[in-house]
Amino acid sequence: LPLLYLAGWIITKVTMFDLLGIVLAFSSGVLFSNVFVGGLVSATFATIGSTIAFSLSRLETPIRAKVLESYADNVALKGVEKAIEEEGVKTVLTLRLAPVVPIPIGMYSYIYGLTRLPYVDFMAGIFLGSLKPYFLDSYLGFYGEQLVVGVDDGNDWVIIAVLAVTTTVGVVSGVRGWWGG
């Protein structure tokens, strides 16, 4: 199951097929029988898939040419490039938590690959920024299954704690100077 799940995330991120990512994220808590494990696996595997997309945009391929073509005419992406050069991890984390650039969410990894952003900064920003949405999606899928089956395990406090911590990380990342800037 984990290898199929990983393959699903790689396909999602490389092809920018975000609908599959939604299905994977919501099913993670059920598939892995645990909200924490499901959210963590989703964040990890989505980061791996995103890193492959990031890498593909750095190679001389038709994918890179297409991204460069899209990138050339987008003023907002020029601002992203400047922000990434100044504060890479913080920018990636912030944009993962609040994707405000007017491009499909799946294209972000390809755009980041056009910059000089180090792999470690990219992966850290994507992974940390993925925790909140994937834990929430994992919980919602798990909770949805409980509603259908008619079981309540009384562990709602767990997801509340996770969301509180990940929200705090997101808020703090928006404070200038958090990452040394």
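**Entry 1: a pair in α4.** I began with Glu69 and Lys66, whose side chains meet in a salt bridge at 3.7 Å, N to O, where a salt bridge is a side-chain nitrogen of Lys or Arg within 4 Å of a carboxyl oxygen of Asp or Glu. I noted that Glu69 and Lys66 both lie in helix α4, three residues apart, which is about one turn of the helix. Helices here (H or I, at least four residues) and strands (E, at least two) are DSSP runs, numbered from the N terminus.

**Entry 2: what I am reading.** I remind myself that this is a predicted model, in which local features need pLDDT of at least 70 and side-chain atom pairs count only at pLDDT 80 or more, while totals for chains, interfaces and linings use all residues. Residues are numbered from 1 along each chain as its sequence is written, and side-chain values use heavy atoms, with hydrogens and water left out.

**Entry 3: the whole protein.** I looked up the secondary structure and found nine helices and zero strands. Of the 181 residues, 42% are buried, buried meaning under 20% relative accessible area, exposed over 50%, and partly exposed in between (1.4 Å probe, protein chains only). Among contacts (heavy atoms within 4.5 Å) between residues at least 6 apart in sequence, 76% join residues at least 24 apart. The protein exposes about 9300 Å², and carbon and sulfur atoms supply 71% of this area; accessible areas come from the Shrake-Rupley method with a 1.4 Å probe, and for residues only the protein chains shown count as cover.

**Entry 4: the two sides of α4.** Which residues of helix α4 (residues 62-72) are buried? I found Arg64, Val67 and Tyr71. Seen down the axis of α4, the buried residues fall within an arc of 65°, so they line one face of the helix; the arc is that of the directions from the helix axis to the C-beta atoms. Their cover includes α3 (35-56), α5 (75-86) and α7 (108-113), whereas the face of α4 turned away from the buried side carries the exposed residues Pro62 and Glu69.

**Entry 5: further salt bridges.** I read that the structure holds five salt bridges. In one of them Lys82 pairs with Glu86, the closest N and O atoms being 2.9 Å apart, and because the two are four residues apart in helix α5, about one helical turn separates them. Are Lys82 and Glu86 buried or exposed? Both are exposed, whereas Glu87 and Lys90, which meet in a salt bridge of 3.4 Å, N to O, are both buried.

**Entry 6: Tyr119.** I then turned to Tyr119 in helix α8, which is partly exposed with a relative accessible area of 33%. Leaving aside neighbours within four places in sequence, Tyr119 is in contact with Thr51, Phe54, Ser55 and Arg58. The C-alpha atoms of Tyr119 and Ser55, 64 residues apart along the chain, are separated by 8.7 Å, and a polar contact of 3.0 Å joins the two side chains. A polar contact is a pair of N or O atoms within 3.5 Å; within protein, one must be able to donate a hydrogen and the other to accept it, and residues adjacent in sequence count only if both atoms are side-chain atoms.

**Entry 7: Phe17.** Last, I placed Phe17 in the loop between α1 (2-15) and α2, and I noted that Phe17 is partly exposed, with a relative accessible area of 45%.
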